[in-house]
Amino acid sequence: MTPVLYYLPPSPPCRSVLLLTRMIGVELDKKELNVLEGDQLKPDFVELNPQHTIPTLDDHGLVLWESRVILSYLVSAYGKDENLYPKDFRSRAVVDQRLHFDLGTLYQRVVDYFFPTIMMGAHLDQTKKAKLAEALGWFDAMLKQYQWAAANHFTIADVALCVTVSQIEAFEFDLHPYPRVRAWLTKCKEELEPHGYKEINQTGAETLAGLFRAKLKISLIVLFSNQLVLKRKKSVHTIVQFLIHPCLHPTEMDFYYLPGSAPCRAVQMTAAAVGVELNLKLTNLMAGEHMKPEFIKLNPQHCIPTLVDNGFSLWESRAIIAYLAEKYGKGDKLYPKDAQKRAVVNQRLYFDQGTLYQRFADYFYPQVFAKQAPVPDNEKKMLDALDFLNTFLKDAKYVAGNELTIADLSILATVSSYDAAKVDLSKYPNVVSWYTRLRKEAPGAEINEAGSKEFAKYFEK
């Protein structure tokens, strides 16, 4: 029995999975979903994937969604070339960071800029164009470090990012200001051409570009999976420093952070779980400390949290916590080595970044930081995300199974922010039960509680 892939050919996330399976020689039973007819909302598919998104992979009962999780799983389970997703934890952490950068920043800004035109025939927003240009600039800077996106060899990060950048190219966005990006994209096309690049990716990219140019008023949001509803926003959190757990062991790790930030709190809890001390570097965003040349040299995306471990710089909180668990964790319970278990943990991490945390930010941050009126549709999407989490926790003690993992720590930080904002959690009994227990038993829970209390002050105002 071959793995089953539920997909739609023009969807960029689906195209990345199709390219990789060709590359590693995995046969798929492909089931195309007619999303315009609502196939993804049929009870049998919702039972399979309660988030009802594509691509969705069913590999002998293991059901995964979020394309980048599927990529890492397929290489772990079926790949013969370890270079595609390195086992070395430092190398893998860089690949993870690039995958999170693609999901949360580059691909999302493509969606933010082009999708309103595709769906509604809206005029292009020059502010969003600048945001996309900014993200391409960051990626161009990242390409200084390695010959490929995340290493000196081709990895799954190149697959995901190639699909994104080739879509930008198909949309005729000017790539000339980004010479490293253009050179890298040419190499990616050559690398993937023997594996169906033109048939799978170029055809799909041109299909979407044609729709864009024709300004079709048709809802294509499901083509892009749930990732389309994301909007990457940064927030300014309260600047308050507090003591970390006294039993931790010292290391040479600098941690640039703000205590109220949920992603920063997730990293601090993971550090407590693996028993390492972070050299806390409070980063005053209001004073522009993240824009100083020395910080941009560490992280060209100039965001927090950022970790520097003996000269190795890493950002994106979920990439950081995976790195900490792999390098410093005792055993593999926090981040299982088993391919199927790890894939579920990864899926929950991407769900947290791309859906649960992002929808919270989409609804509340414009109100808190820009004094805008609440948007009911964004509130509904946020509550839908909680409903997804409630479903994941049905008959499960933890978010990714029956063992505490880094996915619990990441999602705990996010849910505590929901709590700080006084979102009514009582309608989600599985979430409440899990949250009540984790607030007591999670490593570093006191750090998270202190940070979320500081964050709550914004909502009290």
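**View 1. Helix α12 at V368, a residue that lies within this helix of the predicted model.** Helices are DSSP runs of H or I with at least four residues, strands are runs of E with at least two, and both are numbered from the N terminus. V368 has a relative accessible area of 13% and is buried, where buried means under 20% relative accessible area, exposed means over 50%, and partly exposed means in between, using a 1.4 Å probe and protein chains only. When residues up to four places away in sequence are not counted, V368 touches Y458 and F459, a contact being heavy atoms within 4.5 Å. Although V368 and F459 are 91 residues apart along the chain, their C-alpha atoms are separated by 7.1 Å.

This is a predicted model, in which local features need pLDDT of at least 70 and side-chain atom pairs count only at pLDDT 80 or more, whereas totals for chains, interfaces and linings use all residues. Residues are numbered from 1 along each chain as its sequence is written, and side-chain values use heavy atoms, with hydrogens and water left out.

**View 2. K337 in the loop between α11 (317-328) and α12 (339-370).** With a relative accessible area of 59%, K337 is exposed. Leaving aside neighbours within four places in sequence, K337 is in contact with D332 and R342. The C-alpha atom of K337 is also 9.5 Å from that of S76, a residue 261 positions apart from K337 in sequence.

**View 3. P194 in the loop between α7 (179-192) and α8 (197-214).** This proline counts as exposed, at 62% relative accessibility. P194 and R22 are 172 residues apart in sequence, yet their C-alpha atoms are 9.0 Å apart in space.

**View 4. Cysteines in a structure that holds zero disulfides.** A disulfide is defined here as a pair of cysteine sulfur atoms within 2.5 Å. For C188, which is in no disulfide, the nearest cysteine sulfur is that of C162, 4.4 Å away. C188 has 0% relative accessibility and counts as buried. The sulfur of C264 has its closest cysteine sulfur in C303, at 9.5 Å, which is too far for a bond, and C264 is likewise buried, with a relative accessible area of 0%.

**View 5. Two cis peptide bonds, one from I54 to P55 and one joining I304 and P305.** As background, most residues other than glycine have a negative phi, and most peptide bonds are trans. In the bond from I54 to P55, omega is near 0 degrees, and P55 is found in the loop between α2 (43-48) and β3 (56-59). In the bond between I304 and P305, omega is about 0 degrees, and P305 is placed in the loop between α10 (293-298) and β7 (306-309).
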